[in-house]
Structures are given as structure tokens and as C-alpha cells.
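User: I have a model open and would like to learn how to read its features. Could you walk me through it, a piece at a time?

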Amino acid sequence: MKNLYLNSTRALAGLMVCLLLAACDKPAQVTYSDAAAAFHPSDECHVCGMIIDGFPGPKGQVVEPGGNKKFCSPAEMIGWWLQPENHHGDARLFVHDMGHSPWNAPDDSHLIDAKTAFYVIGTQLKGAMGVVLASFSSQQAAEKLAADQGGRVLRFSDIDLALLQQQSAMSHMTH
């Protein structure tokens, strides 16, 4: 009887080890949503640490498997993104569509793909620190703001660190 008990225990232990090894064969599937999340009053800018809600104008957001990074402006987000160490293949970038939002209260239901957006730079509109980029899903809406407020229309691919730094220096000289 003692041998039967020992053999059964060994067989059960062996079966458990096999099951554990089989379970290790398949990596756990981690899922995440690549959709933009709403901005909350307590959200802090990933770059400057300021409370995002304290600034008028569009905001930016990077969504990646590691989580969401929120920014107080499209310029902060793009400046961060342009640094090579921040490029992640499966990241998605979002900005507010100001063609569908009041300037002082961007509507989170109108977050658009930052890489396909139209940007207006060089207006007198107030935003977060540094360069103010007004973001739009429509080229027509961007051109209308540029005509009404001054400035020029850019695409995502037109924006580089030199442009952001040059515009930031110019905005400090005029204020």
C-alpha cells in the first residue's frame, strides 16, 4: 500500500510538472487599447510636469503598449516624439481637432491622428509654454485660421526640432 501511495504521489507530481511546463510554452497575450483616452483635470504633461488642464489650446497624447503619455500641447508631444529614443513602432499619436473644439476647452471626443493632422504655427493664440501649434483634421479649417490669425499651415512631416526651437525663441521675443 505504501508503494502504491508513493508511486501515485510521484505520478501526480510528474503530471503537475508537465502541466506547468506546458503552460510556460505559450506567452501570455497582453492586449491594450490603441485609442486615445480622455484628459483629466489631474493629468500632468509627460515633458514638463505641468497640469495639462491649466492651458488653453489642443493637447497631445502618445498611446503605446506601455501606457499613455499625455502632453500639454502638440508641440511638446512632437518635440518629445522627434527624439529617436522615443520612437516606438506601435505607438499612436493624437491631438485635438480644433476645427471641432473651442480653443479654451478642447473636446476629447475630437482627438485625431497627429501624423495626418494639419497644423497652424505662428498665430497669436495662447497655449502652453513654447510654440503654439493649432491642430486640425481639415486643411480648409487650418487655412482659415492661418488667414484669420496669421501663421502658416504645416503637416506633421514639416515639423522638426529646429522649427520648434526657432518658433519658441521668436515667441519669447514678442512677449
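Analyst: Happy to! Keep in mind that this is a predicted model. Let's begin with strand β1: Gly-60, Val-62 and Glu-64 point one way from it, Gln-61 and Val-63 point the other way, and all are buried.

User: How many residues of β1 are buried?

Analyst: 5 of its 5 residues are buried, so β1 counts as mostly covered, with buried meaning under 20% relative accessible area.

User: Which strands does β1 pair with, and over how many bridges?

Analyst: With β2, the pairing is antiparallel over 5 bridges. Val-62, for example, has Lys-69 in β2 as its bridge partner. These two strands form a hairpin, with 2 residues between them. With β3, β1 also runs antiparallel, joined by 4 bridges. There, Val-63 stands opposite Arg-92.

User: In what order do the strands of the sheet come?

Analyst: The order is β2-β1-β3-β4, an open sheet of 4 strands with antiparallel pairing. β2 (67-71) and β4 (111-113) are at the edges; each has a single partner strand, so one side of each is left without a neighbour in the sheet. On average, neighbouring strands are turned by 25° against each other, direction ignored.

User: What packs on the sheet?

Analyst: Helix α2, residues 74-81, does, touching β1 (60-64), β2 and β3. The direction of α2 makes about 40° with that of β1.

User: And how is β4 held to its partner strand?

Analyst: Look at β3, residues 92-96: 3 bridges join it to β4, and the two run antiparallel.

User: Next topic: empty space. How does one look for it?

Analyst: Rolling a probe the size of a water molecule over the atoms shows where empty space is left. In this case, a search of the whole structure finds 1 cavity of 30 Å³ or more. The space in the largest cavity is about 40 Å³.

User: Which residues line the largest cavity, and of what class are they?

Analyst: Among them are Pro-56, Gly-57, Pro-58, Ser-73, Pro-74 and Trp-103, and also Gly-127, Ala-128 and Val-131. By class, the lining has 8 nonpolar and 3 polar residues, and no charged ones.

Definitions and conventions. Residues numbered from 1 in each chain as written. Predicted model: local features only at pLDDT ≥ 70, side-chain atom pairs only at ≥ 80, totals over all residues. Heavy atoms only, no water. Pairing = 2+ DSSP bridges. Axes fitted to C-alpha atoms, helices over the stretch in contact; angles between N-to-C directions. Contact = heavy atoms within 4.5 Å. 1 Å grid on protein atoms, 1.4 Å probe; cavity = no way out; pocket = protein on both sides within 12 Å on 5 of 7 lines; lining within 4 Å. Points joined across faces, edges and corners; volume = space filled by probe spheres on them. Nonpolar A, V, L, I, M, F, W, Y, C, P; charged D, E, K, R; others polar. Buried < 20%, exposed > 50% of the residue type's maximum accessible area, 1.4 Å probe, protein only.
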